[in-house]
Structures are given as structure tokens and as C-alpha cells.
Amino acid sequence: MDLTEYVLAGVVLLATFWLLIARRIRAAVNGYSFQSWALAAVCLVTFLQSGRWHLLVMALSTAAIKALLIPAVLRRLVRETVYDRRETRYYVGVPSALLLGTGLSVAGFVVARQLPLVRDLLGEPVLGVSIAVVLLGFFIALARRDAAMQLTGLLVAENGLLLLGLVLGAGLPMLVDFALFLDVLVGAVVMGFLIARMHETVGSTDTSELTRLRG
Amino acid sequence: MSQTLIPVLLAVPLAAAAVTWLARPPAVLYAVGAAAHVTILALAITLLTGVVGGAEPHAFGRWLVLDHLGGVVLLIVATVGFTSAVYSIGYLHHELTERAVGRGELRRYFALLHVFVFTMLLSALAGNLGLLWTAIAGTTIVSAPLVDFYGSREPLEAAWKYIVLTTAGSMVALLGYLVLYQAGVHVLGVSYDFSFSVLSAVAPRLPAAAAATAFLLVLVGFGAKAGLAPMHTWLPDAHSQAPSPVCALLSGVELNCAMLGILRAFALTAPAAGAGRLRLALLAFGVLSMLVAVVFLVSQRDFKRLLAYSSIEQMGLVAVGVGAGVPLAVSGAMLQMVNHAFSKSLMFFATGNLLLRFRTRAIGSVAGLVHDMPATAILLIVGVLALAGAPPFSLFVSEFSIVSGAAVAHQWAPALIVAALLAVGFLALVWPFNRMAFSAPPGSAGQGTTVNPIVLLPAYLSLVVVVGLGFWVPSPLHALLSGAARTLAP
């Protein structure tokens, strides 16, 4: 069973690179949805291994909220406000982003080795993947100029945290997981709402044009 | 009785939000808002009296708990929440009659305000660290649409920066709490109740390295939300662009909720990681925040941004107080949180009245207030002296306790730097407001509309508290503050 979980964790990490190089917002949303499916699969596998019911509930809610609902909301937003075929701009170009992204992934694995881990369901390699995904998510949020791209970056970081939660805190009560899901969902909707407003008042969702407030 | 009081307390703002969402006439929105916040205040004071009397009210097992540290924050949320709600009524009614906002926006405002207060009450009452994180992260999500309330370009920019940076910060803090959970696994086994009471019982036996990592992650993450430099860059924007009553809540209350997240982590990790190391980190962030804030205070031309930078300075001072570690400084830091909440909300109410009348935030465009708006001018002058920490006001007492506490702890360098920064900050804060109040009135005095008296009432209530606390700290409040200080500096 170890092999399955490593492969799935690898897929989660690869999906992050998909988002890292995506030029169009629609591609980034697809990458996020794909990553969330992989994450739901990880939850499912750990449920089959351990037989803890709350992991099955997590798998189902991850699939429903993160793989279907949030991407659907984002796709609608993209259709209505941002031209979905438009290429977005970067602060960091694709080649350097790939290079830095690889560096950040390595950093994730190095940090994971430093943490004393009591193995519950998932082992150290998955811990490395989850820290790498959190770091890459923050990097995407920083490296992109487009507000919708920054939102997908934060969502990716949050997926990394969910995986990290499975490694470090699988024993946490389910209510906590639900509270987190609620935060993510409402947060994504509020940020989507702000992006729509941005398109309305500023005429674009490029945050490098938001420079009125200084000092 | 407390078993039911805590859930009722949390249900009141949610019920108020639901009624607000369904109601149409502004008068109903105002009545519901005022009634809800009076109820919250009364329930909170009942609960706090119990805490001071030695009880530890709890509900739903250990999910909701009220202890001394949470009690300090609950006191701030309930009191400043009440004054801000009353001020909101006057402020938004003025905006409504001026046609600056519509009826639909008014409804949205009050519904969000109540949910915002709910998330802050939950932060104070959460007994489980997962719930605490959710509540604190939730405060941002609910208040970002309030920052964007006026909907033009600048508020939108402020709201976007606010939600992106503080959400990223909250995620780092969650990383810290997960590492803390894992540290607990080493002692308690893979599945345990992630609440303070369970963890604090085994706190000295947690693995030291993991505990220290957990605290640093929470400090950096929620430090971003509490406005500690260098993660503060969103704060002056968000706290100046929001409507004034929201600014009072953001600056006076919400920052304390994020600080509570840091202090809870500190209390749980210090026994294992070594309090000295963790305090050093708090001192470093605190002094840096004060330094950055004072530099920007001196060069500020916008009076709401001036108050926002002052919040960074004051939260930095709270971090310094806890970082100094001796009981004198730590209880000073607790008093500082309360004092700052009242005096900063007072200043946002007073400057809100200026905004309603003059429609400008530029310090240079306002003059001769003592002739033009005497009631507001008194608020501004007394308020700014209190906020800057002039004796006999209560902020002088808490600032003095923190600085002398740092000196007692032989933290000479922080004590001297902080004292110098407070002196410069004092002048940078008092001078602009002094000019706005006393300089010769502009030729075109008397322009703009008069402001209704409801906006003066909560401001004068805060003023009475700010002046009163300088002369006399009631003994239950003193017990609450020193009880909270004991959990941070045993």
C-alpha cells in the first residue's frame, strides 16, 4: 500500500507544477481541480488502510468542495469577468519559476527530514510533498500578477496543508476538518467576489495596477 | 448555568445577522443591532464575573472554554463591539441620508458586522486549537467585504491586500498548530483532544525542537494578522480604507484576536522550548514593529493612516511586554491591549465624524475644529493624549509598566529603544491632531453637513472609560488581567 500513497502524493506534487507553468487561468483552475481529485484519492486510500470513517467523509468532501464546487465557481468567474483565453502576466517568468519551484520542493523534503514524526497513517515522503506543495502555493501567489492566479496559489497552499494535516494530525476531530473546509469555501467565494469587483471597477484583474495606496 | 450562557452568547450575533438579512426598514436594522450588542455585553460581563470569581465556564466538553486570557479578549470584543455597533448606526444613518450608501448596502453592512463580531467572540471562547484557528482565520474572510464597503478603487485594493496577505499568514499559523499537534502526539498518542487544558497538562514533556518550531510558525503567521512588522504592509491600507466603525473593530479588536492566537501558542510551547528563546523572538518582532511604525508615523499626511500605524506601534508594544517576561511587564501588556482597544476605537469614532463632515482624510485640509465641531474636537484632543500615553491616562500606566518591566528583566536595550520610540511616537501622533483642532479656521468655515448626535454617544462612552481607567482599575478587571498574565509568566 505504501507504493499507492507515494504515487498519489507524487501526482499531487506534479499537479502543483502544472499550476506553476499555467499561462491561462482556466488551465490553472483545471490543475487545481486535478490536484484536489488526487488529494481525495489519498484520503480514500488512507481510509481503506485504517478503516477510520472520518477519512472517508474527508475524501468525499474534498471531492465535492475542492474538486467540483470551488473549480465550478472559479470557472464561472473566469467566464464572466476575465477573458478565459487571455494569457496572464508573471513577476517571475516560466523558466525561472520552474527552477525556483524545484528548489522549493527540495527545501520541502529537507525540512520534512528535520521534523520528528510519529508515523500514524502516512510517512515522511508524503510529509515532504505536503510542505513542498505549501511552499509552491505561496510562491505561485507571489509570482503571479493576476488576482485569480493568486487565489489559485493560495488554494494550492491550502491543499498542501490538508495533506500535511493527514500526515501530522490524522487524529484531529472531524469537526475541525469541517471548520477548515468552511473557511476555505467562504474564503474562496469572498475572494472571487472581490476579483469580480476588481474587474468591474479597475477594468482588469492585474494586481500590479493596484498601486494607489502608499506610505 | 455557564453551560448554556456561552452558546447563547455565540448565538446572539448569528441570530441578529439572520434577522438583519431578512429585514428591510433601516429602523429595524438599527434596533436589532443595538439590542444584540447590549445582550452580548450583558452576557459577557456575567460570564467574566464568574471567571474572576474562580469559575471556568465551558460548554460542549472542551470545545468552548472561557479562561482569564480569553476573558481579556472577550471583554474587548464585547465592549468595543457594542460601542462600534452603536456608532455604526449613527455613521451609516448619516451616509444613508446623504445618499452615500443605499438600503441594500446598509443591510449587507449590518449582517456582515454581526458575523464579524461572532467570529471574534468565537476566537475568545474557543477551547480547541483547531477551532481557535478557524475563528481567527474567519475574522479576515468576513471583514474583507466590509473593508471593500465603499467599493471604489482604493478600498478594493486595500481589501485584496488584506485578504491575500492575512490568509497566507493564517496558513503559516495553521502549519504551526499542526506541528504543535504532532508534538503532542509524542506524549499523548496519535489521537487526542487538541484543547489547551489537555495540552497544557503535558506541556513540559513536548519535544523541544517541535515546540519551538510550532511557536515560530504561529508567531510569523498570526503576526502577519496582528500587524507585526515586517508582515504589516496590508494594515495601514485596510485600517484606513474601511468605514470608520469597521476601522475601530479592525484596529481595536481584531488585532487582539490574532495576538491571542500567538499567546495561546506561547503558553503551550514555552515550558518545553524554553521561555527565554521564545520571548527573544517576541521582543525582536515587537521592537521592529515599533520602529517601522514610528518612522511612518512621523511622515504621515493622512489622519486615518496615522491611526493605523499607531496600531502597529501598540501591538508591537504588547509583544515587547509579553517578551520581557516579568509579571509587571506581562500584566502591563494585558492592560495595554484593553487600553489600546478603547482609545483607538475612540479615535476612529472621532475622526469618523470629521470624515462625515469634511469628506477628506488629509491632515492639512482640516483646521479650526474647536470652533467648528467643538464636541468632536474635545474627543480628538483628549483621545489623542490618551492614545499617545500622556499621564494621567491609562495607556501611560501600561506603557510605563512594560518599559520598567523590561528594565527589571535586565532587557536594557529593548527598554531604552522602546522608551525612545514611545517619545517620538507621542509627538508624531499629538502634533497633527493638535493642529487640526486649534489652528485658525479656514475661510470657508461651516461647510459640509452637521452630524447627528448618535455618533457622539459611543465616542463619549469610550472617553469616560479611557479617562476612568487612568485613575482607577476596578478590582475585578485587575484580577482578570493578572490572571491572564500568570498564564504567560508563571
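Tutor: Let's start with contacts, meaning heavy atoms within 4.5 Å. Among contacts in chain B between residues at least 6 apart in sequence, 80% join residues at least 24 apart. Please keep in mind that this is a predicted model, where local features need pLDDT of at least 70 and side-chain atom pairs count only at pLDDT 80 or more, while totals for chains, interfaces and linings use all residues. Residues are numbered from 1 along each chain as its sequence is written, chains are lettered from A and ligands numbered from 1 in the order in which they are written, and side-chain values use heavy atoms, leaving out hydrogens and water.

Of the 490 residues of chain B, 66% count as buried (under 20% relative accessible area; exposed is over 50%, partly exposed in between, with a 1.4 Å probe and protein chains only).

Now to the charges. Chain B carries 22 positive and 15 negative side chains, with the centres of the two sets 2 Å apart. Here Lys and Arg are positive and Asp and Glu negative, with His and the chain ends not counted; each charge is placed at NZ of Lys, CZ of Arg, CG of Asp or CD of Glu.

Over all chains, the whole structure has 13 salt bridges, each a side-chain nitrogen of Lys or Arg within 4 Å of a carboxyl oxygen of Asp or Glu. One of them pairs Arg62(B) with Asp193(B), with the closest N and O atoms 2.7 Å apart. Arg62(B) sits in the loop between strand 1 (58-59) and strand 2 (64-65), and Asp193(B) in the loop between helix 6 (153-188) and helix 7 (196-202), so the bridge ties together parts of chain B that are 131 residues apart in sequence. (Helices are DSSP runs of H or I of at least four residues, strands runs of E of at least two, numbered from the N terminus.) Both partners are partly exposed: Arg62(B) at 39% relative accessibility, Asp193(B) at 29%.

Lys161(B) and Glu157(B) also form a salt bridge, at 3.7 Å between the closest N and O atoms. They are four residues apart in helix 6 of chain B, which means about one helical turn separates them. Lys161(B) is partly exposed at 26%, whereas Glu157(B) is buried at 1%.

Glu254(B) and Lys225(B) meet in a salt bridge as well (2.7 Å, N to O). Glu254(B) is in helix 10 (residues 244-273) and Lys225(B) in helix 8 (residues 208-226), so this pair links parts of chain B 29 residues apart in sequence. Both Glu254(B) and Lys225(B) are buried. Finally, salt bridges with shared partners join Glu157(B), Lys161(B), Asp237(B) and Arg305(B) into one network.
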